[in-house]
Amino acid sequence: MKREKVIQSLISIAAVIILLVILNKVLTPFQARIFNLGGIYIILAISMNLINGFVGLFSLGHAGFMAVGAYTSALLTMSREAKEMNFFLEPIVPWLLDVQLPFPIAIIIGGLMAALAAALIGAPVLRLNDDYLAIATLGFSEIIRVIFTNTQSLTNGALGLKGLPYIGVTDSPKEAIWWIWGLVIITIVFMVLLINSTYGRAFKAIREDEIAAEAMGINLFKHKMMAFIIGSFFAGIGGALLGHYMNTIDPLLFRYLLTFNIILIVVLGGIGSITSSVISAIVVTIAQELLRVLDGKMQIGSLIINGVPGTRMVVFSALLMLVILFYQRGLMGTNEFSWSWFKKLPFKTKKAKIS
Amino acid sequence: MALLNTDKLTIKFGGLTAVSALDLVINQNEIIGLIGPNGAGKTTSFNMITGVYTPTSGTVVFEGKDITGMKTHEITKLGIARTFQNIRLFGQLSVLENVLIANHMRFGSNLLSAVIKTPSYLKKEKAVYEKSMELLRAVGLDDLKDEVCTSLPYGKQRRLEIARALATDPKLLILDEPAAGMNPQESLELMEFIREIRDKYNLTILMIEHHMAVVMGICERIYVLDYGVKIADGTPSEIQNNQKVIEAYLGVE
C-alpha cells in the first residue's frame, strides 16, 4: 500500500513536470508570466491554508511576512550599483552594501527571516483566539509595513526598491517557470507530507476542538507556533518570489489588501485543502487577467461605461460573498485530490479506499 | 498510597465558591462515582483535576506528585485522561483519526522525521495504527473507522470518546456522564464495558453520572457534592441511606 502511494506520487510529480515542459513550449512570454504569478500565489495560498485552514488560526498577518521575505531577498541579491542607485536620499547601511548572494540562497534566507519574525510575533500573539488573533496579526503586518516605510537606510523607505534581479539567470519568464514551479512542487510535497503526518493530525485536532485537543495531550501553544512559523517561512519565500517577479517592491505593495487577495484564494478554494488552494490560485490569477476587460471602456446597448480601474475586483468580492453565503466549504471543502478517485470510476472494480 | 488525592480543593468564580474544600482520595483500580444535583460543582472539580481551571486554593496530588496548576496537556501526559459531558470529538475527522490523534503526545518523533518519513517514523506510525485499531475493536467501532465521527449515533460517539481517552495510555480515566442520553439497555452495556476496560487496561476510574442504576451498580465508593461542598462519601449502600444525600436530592420536608 505504502509502495503504491509512493509510486502514485512520483507519477503525479512526473506528470506535472511534463506539463511544465509542454507549457514552456506553448505559452507566450506574457502567458508564462501569468502562469508564474499563479505559481507564486499557490505558494502563498498553501502557506496561509496551513495556518488558517489546517490549524484554524484566524491570522491576517500574511502580507507582513511576505514583506520581510521580499525585502530580505531583494537586499541580498541586488548589486552594489543597484543599491547605490536606489538609496539616493540616504545611503544604505554599509554592511549591506556589498552583500550579494545567489538568488536561491537569498530566497531561503528571506523565508527564514519571515519565520524568525513569526517566532517573535507568535510568542505573544498566539495566546489569543479568533477575532483577537486576527486583529493582532493584522496590526503586526501593518507595523512591519510602517517600519519598512521609515527605515530609510535599510529599506529605502517609501521609495521602495527598484531593479531587483529577475528570477533565474536570464530575464525570461520561461526560465522563471522552472524556478517558481520547482518551488511550488517542493512546497506542495512538503505540505502534503506534513499534513499526513502525526503533526498534521495534531494540527487538525486543534482546528476541530482546542479543549479536546489539549485534553488529549497536545501542547496547543507549541503546535500553533510550529504551524505559524512554517506557514510564515513559505509566506516569506512567496513574498521574495513576488518581489523578484515584479522587479520592484515598496511598502505599499504589502498592505492588508494583499493578505485579503490570498484569503480570497483560500476561501474560494476551500479552507483546509491543499488541492483547492492550488486550483483556486491558478483560476483566480487567470481570471484576474481575463476580467481586465471590465476595467476598460464598455458599451452595453446604448449605455457607455467609462472604465474604472478595479472594477474586476468587484466580481471577486461578489463571488466571495456568494461563496460565504451559499457554499461555505468552497470549491473542494477539506477534500484532497487522491488516486482513489480514479478507483471510484465505474469502469474500475471497487477497491478499498487508501486511508 | 492513593493514586489521586485532592486536599481542600477550592475554586471561586468572583463571589461564588463553586467548589469548597473538596477532599478526594482515589486508590489504584477503584471505580469512584461523583454525584450531586445539577450545579453542585462536579464538572468544575474535574476541570480542576485536569488543569482546565486553576484552583483558588488547595492541591491535587497524582501519584505523589503535586499537579496543581499544571497545564492540561502536561497532566494528560502524566496519565490522566478524560471524556467530556458534552461530547467533544474532532468533528470533521474520521473515527480512526480521532484515536490516532490521541497517540500524538507519546509518538516521540520530531517534525523533520515526521515530514521526511524516516523508517523509525513509519514504524511508529504503524504501531500507532495497530494500537488504535485494537482500541476501536475494544469499543466495537473498528468497522466504522473511516466514518466521519459526527455521523455516528450518540452512544457510539461516547464509546469513541472513551477509546480516544484510552489511547493516551492513562492510569486514571475520568468520565463525565458517560451514560447521558443512553437507554437502560445501553447503560447496562456501558457498565459492563467500564468494568472490562478497568480490568483490561489496569485503570482507575472516576466518573460523574446521574443514572443512579449505573452509579450504584459499578462504583465501589461514591462522593456526593452539593453546592460545592462534599456532603457524604461511602459505599453505594451507605450513600443510599444517608439522610443528607436524600435531602439534597429530594429536599427537606
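Chain B and chain A of this predicted model bury about 2,800 Å² between them. Carbon and sulfur atoms give 65% of that area. Interface size is often expressed in this way, as the accessible area lost when the parts come together. In terms of contacts, 32 residues of chain B meet 30 residues of chain A. Three residues stand out on the chain B side. His73(B), His104(B) and Leu111(B) supply 23% of the area that chain B buries against chain A, more than any other three residues.

Is Asn36(A) buried or exposed? Its relative accessible area is 1%, and because the limit for burial is 20%, Asn36(A) counts as buried. What surrounds Asn36(A), beyond its neighbours within four places in sequence? The contacts are Pro173(A), Ala176(A), Ile177(A), Ile180(A), Trp181(A) and Tyr245(A).

Next come the empty spaces. A probe the size of a water molecule, rolled over the atoms, shows where such space is left. The count comes to one cavity of 30 Å³ or more. The largest cavity holds about 40 Å³ of space. Which residues line the largest cavity? They are Ile34(A), Phe35(A), Gly38(A), Trp181(A), Ile282(A), Thr285(A) and Ile286(A). Two elements of chain A, α2 (29–54) and α14 (274–290), each give two or more residues to this lining. By class, the lining has five nonpolar residues, two polar ones and no charged ones. Trp181(A) links two parts of this picture: it belongs to the cavity lining, and it is in contact with Asn36(A).

Helices α2, α12 (220–246), α13 (256–269), α14 and α15 (311–326) of chain A each supply at least two lining residues. Which element gives the largest share? That is α13(A), with seven residues. The lining of this pocket divides into 19 nonpolar, four polar and six charged residues.

Last, the cysteines. The structure holds zero disulfides over all chains. In chain B, Cys149(B) has 0% relative accessibility and so counts as buried. Cys219(B) is also buried, with a relative accessible area of 5%.

Methods
Residues numbered from 1 in each chain as written. Chains lettered and ligands numbered in written order. Predicted model: local features only at pLDDT ≥ 70, side-chain atom pairs only at ≥ 80, totals over all residues. Heavy atoms only, no water. 1 Å grid on protein atoms, 1.4 Å probe; cavity = no way out; pocket = protein on both sides within 12 Å on 5 of 7 lines; lining within 4 Å. Points joined across faces, edges and corners; volume = space filled by probe spheres on them. Helix = DSSP H or I, 4+ residues; strand = E, 2+ residues; numbered from the N terminus. Nonpolar A, V, L, I, M, F, W, Y, C, P; charged D, E, K, R; others polar. Disulfide = S-S within 2.5 Å. Buried < 20%, exposed > 50% of the residue type's maximum accessible area, 1.4 Å probe, protein only. Contact = heavy atoms within 4.5 Å. Buried area = accessible area lost by both parts, 1.4 Å probe.
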